[in-house]
Amino acid sequence: MILCDAGVLLCLVDRTQPQHNAYRSAVMRLAKPLVTTWSCLTEAMYLALHRGSWAMQKQLGQLLLDKHLTIYEIQESDYIRLFKLMEQYRDRPMDLADATLVLTAEKTGYRRILTLDSDFLFYRIGDRDTFDIIQVP
């Protein structure tokens, strides 16, 4: 399974993004579903609303409905770790969406990620393992 960050989700539905075609093609080749979190989808939905209105949000929703995307549910028991991650990386600073992806990686063992965010070069899974960032030409 491959983790997917909010920036890539937006890129998949926003044709004005410079890497739109490259990411659409890459996602077609990769194993599905991609894994994200509600925080990442919420961030992408917010950005889509401001860039393309309901039509772009609908495309994001369709990724979920068509099972190209699945949501990893953050549990209440994970909140302490989530906020510790945000504190640990406060110098970047780490937002909630990124923290949920690091937590998801820790819980699932998934290391591969689609992201436009260079911070994932610095984040560590379980404070030691690196992410395997999928390079899209």
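Start by selecting Thr36: in this predicted model, Thr36 has 0% relative accessibility, so it counts as buried. Thr36 belongs to strand 2, which covers residues 34-36.

Keep Thr36 on screen and show the backbone of Cys4. The Thr36 side chain reaches the backbone oxygen of Cys4 at 2.8 Å. Now bring up the neighbours: leaving aside residues up to four places away in sequence, Thr36 touches Cys4, Leu9, Leu41, Leu69, Thr70, Ile71, Tyr72 and Leu101.

Next, pick helix 3, residues 38-65. How far apart are its end C-alpha atoms? Just 14 Å for 28 residues, whereas a straight helix at 1.5 Å a residue would reach 40 Å. Centre the view on Gly52 and you'll find a kink of about 135° in helix 3.

Then colour the buried residues of helix 3: Cys40, Leu41, Ala44, Ala48, Met56, Gln57, Leu60, Gly61 and Leu63.

Last stop: helix 1. This one is mostly covered, with seven of its eight residues buried. Select Ala6, Val8, Leu9, Leu10, Cys11, Leu12 and Val13 to see the buried set. Those residues pack against strand 1, helix 2 (20-29), strand 2, helix 3, strand 3 and strand 4 (112-114).

Key: Residues numbered from 1 in each chain as written. Predicted model: local features only at pLDDT ≥ 70, side-chain atom pairs only at ≥ 80, totals over all residues. Heavy atoms only, no water. Helix = DSSP H or I, 4+ residues; strand = E, 2+ residues; numbered from the N terminus. Buried < 20%, exposed > 50% of the residue type's maximum accessible area, 1.4 Å probe, protein only. Polar contact = N/O pair within 3.5 Å; in protein donor to acceptor, adjacent residues only side chain to side chain. Contact = heavy atoms within 4.5 Å. Expected span 1.5 Å × (residues − 1). Bend = angle between axes of the 7 residues up to and from the residue.
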